[in-house]
Amino acid sequence: MIRKYSGDKKSIEARSNDNGKTWSVKLFDTGRLTEYSGGTLAEVDALAEKHRMKLDR
């Protein structure tokens, strides 16, 4: 599963593993890339909220 969030000059692309419990995240912030792995969906949502991003539908 893939979830994408976007905001002012920032975006997040989160991908889950096969069971949907752990997520790998790429945070793009004004030309910088930060990667996280092993997160939960709640942590991904909290990161997006912290950076004032909304889920792309």
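## Sheet architecture

Two strands are taken to pair if DSSP finds at least two bridges between them. On that basis, this predicted model contains an open sheet of five strands in the order β4-β3-β2-β1-β5, with antiparallel pairing. The edge strands are β4 and β5 (54-55), each of which pairs on one side only. Along the sequence, the protein chain follows the pattern β-β-β-β-α-β, with one helix and five strands.

Seven antiparallel bridges link β2 and β3, and within this region Ala-14 stands opposite Val-25 in β3. The pairing of β3 with strand β4 (residues 32-39) is likewise antiparallel and runs over seven bridges. Here Phe-28 stands opposite Leu-33 in β4. The two strands β3 and β4 form a hairpin with two residues between them; in the turn, Thr-30 has a positive phi of about 50°.

## Overall dimensions and surface

A compact globule of 57 residues would have a radius of gyration near 10 Å, and the protein chain agrees with this expectation because its own value is 10 Å. The C-alpha atoms fill a box of roughly 30 × 20 × 15 Å along the principal axes.

The accessible surface of the protein chain is about 4300 Å², and carbon and sulfur atoms account for 47% of that surface. Of the 57 residues, 28% are buried. Among contacts between residues at least 6 apart in sequence, 31% join residues at least 24 apart.

In soluble globular proteins, nonpolar side chains tend to be buried together. The largest nonpolar core of this model has ten residues: Tyr-5, Ile-12, Ala-14, Trp-23, Val-25, Leu-27, Val-44, Leu-47, Ala-48 and Met-53. At least two residues of this core come from each of β2 (10-16), β3 (23-29) and α1 (41-50).

Ile-12, a member of this core, touches a set of residues beyond four places away in sequence. Among them are the core residues Tyr-5, Val-25, Leu-27, Leu-47, Ala-48 and Met-53. Arg-3, Lys-4 and Lys-26 are also touched by Ile-12.

Arg-3 lies in strand β1 (residues 2-7). Residues under 20% relative accessible area count as buried; Arg-3 has a relative accessible area of 19% and is therefore buried. The side chains of Arg-3 and Tyr-5 are joined by a polar contact of 3.0 Å.

Apart from its neighbours within four places in sequence, Arg-3 is in contact with Ile-12, Glu-13, Ala-14, Trp-23, Leu-41, Asp-45 and Leu-55. Three of these partners, Ile-12, Ala-14 and Trp-23, belong to the largest nonpolar core. Between Arg-3 and Leu-27 the separation is 24 residues in sequence and 12 Å in space, C-alpha to C-alpha.

Methods: Residues are numbered from 1 along each chain as its sequence is written. This is a predicted model: local features need pLDDT of at least 70, side-chain atom pairs count only at pLDDT 80 or more; totals for chains, interfaces and linings use all residues. Side-chain values use heavy atoms; hydrogens and water are left out. A nonpolar core is a set of buried Ala, Val, Leu, Ile, Met, Phe, Trp, Tyr and Cys residues joined through side-chain atoms within 4.5 Å. Buried means under 20% relative accessible area, exposed over 50%, partly exposed in between (1.4 Å probe, protein chains only). Helices (H or I, at least four residues) and strands (E, at least two) are DSSP runs, numbered from the N terminus. Contact means heavy atoms within 4.5 Å. A polar contact is a pair of N or O atoms within 3.5 Å; within protein, one must be able to donate a hydrogen and the other to accept it, and residues adjacent in sequence count only if both atoms are side-chain atoms. The radius of gyration is taken over C-alpha atoms; the globule rule is 2.2 Å times the number of residues to the power 0.38. Accessible areas come from the Shrake-Rupley method with a 1.4 Å probe; for residues, only the protein chains shown count as cover.
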